[in-house]
Amino acid sequence: MKGFMAIVAAVGLLTGVGCGNGNDPSKSHPGIAQSAEKVKDPVCGMSIAKSAAKAHEDYKGGHYYFCSHECHSKFKDAPDKYAK
């Protein structure tokens with residue numbers, strides 16, 4: 001039973017962290033990437049470690065980082081909507 005509960009807890013942690021859901025694992029788990037430089041995905045607003053970005057893009061003098069390839073694709077489809 002304890003093993004089952006550990007699996008359920010682990011799955012909950014893994015599935016609760018993702019694009020756009022507002023969860024920042026470094027806030028709820030102090031040992032995770034607190035010393036890493038943080039950047040904000042311009043599409044979904046998620047704060048991520050720069051080193052963990054799935055993609056990045058230079059646009060009109062700005063450098064943008066993305067939490068997922070999906071957010072990067074949305075940015076490329078309408079960059080002026082998301083670029084600051």
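**Exercise 1. Leaving aside its neighbours within four places in sequence, find what H63 is in contact with.**

Step 1. Go to H63 in this predicted model and skip the residues within four places of it in sequence; H56, E57 and D58 are what H63 touches.

Step 2. Look at the side chains of H63 and H56: a polar contact of 3.4 Å joins them.

Step 3. Now place H63 in the fold. H63 sits in strand β4, which covers residues 62–66.

Step 4. Is H63 buried, partly exposed or exposed? Buried would need under 20% relative accessible area and exposed over 50%. H63 has 34% relative accessibility, so it counts as partly exposed.

**Exercise 2. Which residues have the most contacts inside the largest nonpolar core?**

Step 1. Start with the general idea: in soluble globular proteins, nonpolar side chains tend to be buried together.

Step 2. Here the largest nonpolar core has 13 residues, and V43, I48, Y64, F66, C67, C71 and F75 have the most contacts inside it.

Step 3. Ask who supplies this core: β3, β4 and α3 each give at least two residues. With 3 residues, β4 gives the most.

Step 4. Zoom in on Y64. Leaving aside neighbours within four places in sequence, Y64 has contacts that include P42, Y59, F75 and A83.

**Exercise 3. Decide why the buried residues of α3 line one face of the helix.**

Step 1. Pick out the buried residues in α3 (residues 69–77): they are C71, H72 and F75.

Step 2. Recall the helix rule: an α-helix has 3.6 residues a turn, so residues three or four places apart point the same way.

Step 3. See what lies over the buried residues of α3: the cover includes β3, β4 and α4.

**Exercise 4. How many salt bridges are there, and which side chains form them?**

Step 1. The count comes to 3.

Step 2. Take K50 and E37, whose side chains meet at 3.3 Å, N to O. This pair links distant parts of the chain, with K50 in the loop between β2 and β3 and E37 in the loop between α2 and β1.

Step 3. Next, the side chains of K60 and D80 also meet in a salt bridge at 3.3 Å, N to O. K60 is in the loop between β3 and β4 and D80 in helix α4, so the pair ties together parts 20 residues apart in sequence. Both K60 and D80 are exposed.

Step 4. Finish with K74 and E70, whose closest N and O atoms are 3.6 Å apart. They are 4 residues apart in helix α3, so about one helical turn separates them. K74 is partly exposed, at 40% relative accessible area, while E70 is exposed, at 52%.

Conventions
Residues numbered from 1 in each chain as written. Predicted model: local features only at pLDDT ≥ 70, side-chain atom pairs only at ≥ 80, totals over all residues. Heavy atoms only, no water. Buried < 20%, exposed > 50% of the residue type's maximum accessible area, 1.4 Å probe, protein only. Contact = heavy atoms within 4.5 Å. Polar contact = N/O pair within 3.5 Å; in protein donor to acceptor, adjacent residues only side chain to side chain. Arc of directions from axis to C-beta. Core = buried A, V, L, I, M, F, W, Y, C linked by side-chain atoms within 4.5 Å. Salt bridge = Lys/Arg side-chain N within 4 Å of Asp/Glu carboxyl O.
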